[in-house]
Amino acid sequence: MGQAGQVGGAALDRWREQLEAWAIPPEILARAPESPWGFPVGLFRARAEHARAQEPTPSNREAMRWLAPGGTVLDVGAGAGAASLPLAGRAGRIVAVDESAGMIEAFLSAARATGVEVGGVQGRWPDVAGEVGPADVVVCHDVLYNVQDLAPFAAALTAHARRRVVAQITERHPLSALAPLWRRFHGLDRPQGPSAADAAAALRSLGLAVERQDWTSPHAGSFERFEDLVAFTRRRLCLPAERDPEVAEALEPLCVRDSAGYRIGPLHRPLVTLSWPGSAK
């Protein structure tokens with residue numbers, strides 16, 4: 001293997017190893033009364049509604065820069081459409097891919113209200129990539145930290161974009177803010193990485209000409225009620241419902257509130273837009 005291949009392999013290995021370190025120990029997972037994974041559909045629906053009501057973000061602007069009027073958009077890991085629905089006034093067609101049937105339903109309902117032509121495919125990317133045609137722009141927000149095997153995932157994104165792939169992630173792993181709570185309730189230290197820099201390095205190691213924009217958002221991932229944030233956090237920590245008062249007490253110094261609701265700080269969350277050319281014809 002040549003030097004370029006070794007560097008690429010090292011960057012991808014580092015990304016995968018750091019994500020593997022986030023696995024919850026089996027003994028803690030076995031005691032969990034509910035699954036710690038997944039997100040409430042209502043949270044993603046509210047996030048999509050909020051995204052449409054706000055000024056375009058740097059990620060939105062990057063996507064629109066490459067999207068001609070009436071062009072097509074593919075939203076991978078779409079949730080309820082926070083990444084793609086802000087493009088509805090410019091796009092002619094938006095297709096969403098998500099593992100959750102509930103998320104696809106929420107996306108289709110919201111997207112139809114905009115008047116744009118829509119489609120939805122339920123399934124895991126890139127497993128369902130063959131069921132989806134190419135688009136002018138592919139957007140993929142808040143998904144990469146869930147992808148240990150980044151090479152085939154990114155390759156399928158690139159192969160489906162005629163003009164541009166626009167991927168948005170937090171600057172740090174989104175669960176890193178829960179590290180003090182894992183230590184408090186389980187005596188468990190959580191990993192420090194990976195980060196957006198690791199994602200960019202891994203993607204560039206695949207030969208992708210990745211451009212990076214750093215920015216902050218004051219309204220990412222908020223819950224309308226403090227009790228909902230407590231319940232969500234308690235499930236993430238694999239704790240039973242009777243521990244809610246303890247979780248609420250632990251969350252108080254970590255929580256911020258603004259017009260969008262409650263979330264774990266900081267007040268302005270660092271975000272990163274990574275974009276690169278597509279290869280679809």
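Student: In which sense do β4 and β5 pair, and over how many bridges?
Tutor: This is a predicted model. In it, β4 and β5 run parallel and are joined over six bridges. Within that pairing, Val 139 has Val 166 in β5 as its bridge partner.

Student: And how does the chain cross from β4 to β5?
Tutor: Through helix α6, residues 150-160. This β-α-β crossover is right-handed.

Student: Is β4 mostly covered or open?
Tutor: Mostly covered: of the seven residues in β4 (135-141), seven are buried.

Student: What about β1 and β4, how do they pair?
Tutor: Strand β1, residues 71-76, pairs with β4 in the parallel sense over three bridges. Val 73 stands opposite Val 137 in β4.

Student: What holds paired strands together in general?
Tutor: Strands of a sheet pair through backbone hydrogen bonds, parallel or antiparallel.

Student: OK, back out a bit. What is the strand order in the sheet?
Tutor: The open sheet has seven strands in the order β3-β2-β1-β4-β5-β9-β6, with mixed pairing. β3 (117-122) and β6 (211-217) are the edge strands, each pairing on one side only. On average, neighbouring strands are turned by 20° against each other, direction ignored.

Student: Which strands does helix α8 touch?
Tutor: Helix α8, residues 196-204, packs on the sheet and touches β5, β6 and β9. The direction of α8 makes about 10° with that of β9.

Student: Last one: how do β2 and β3 pair?
Tutor: In the parallel sense, over six bridges, with β2 covering residues 91-98. Val 97 stands opposite Val 121 in β3.

Terms used: Residues numbered from 1 in each chain as written. Predicted model: local features only at pLDDT ≥ 70, side-chain atom pairs only at ≥ 80, totals over all residues. Heavy atoms only, no water. Pairing = 2+ DSSP bridges. Helix = DSSP H or I, 4+ residues; strand = E, 2+ residues; numbered from the N terminus. Axes fitted to C-alpha atoms, helices over the stretch in contact; angles between N-to-C directions. Contact = heavy atoms within 4.5 Å. Buried < 20%, exposed > 50% of the residue type's maximum accessible area, 1.4 Å probe, protein only. Right-handed = clockwise from strand over helix to strand, strands pointing away.
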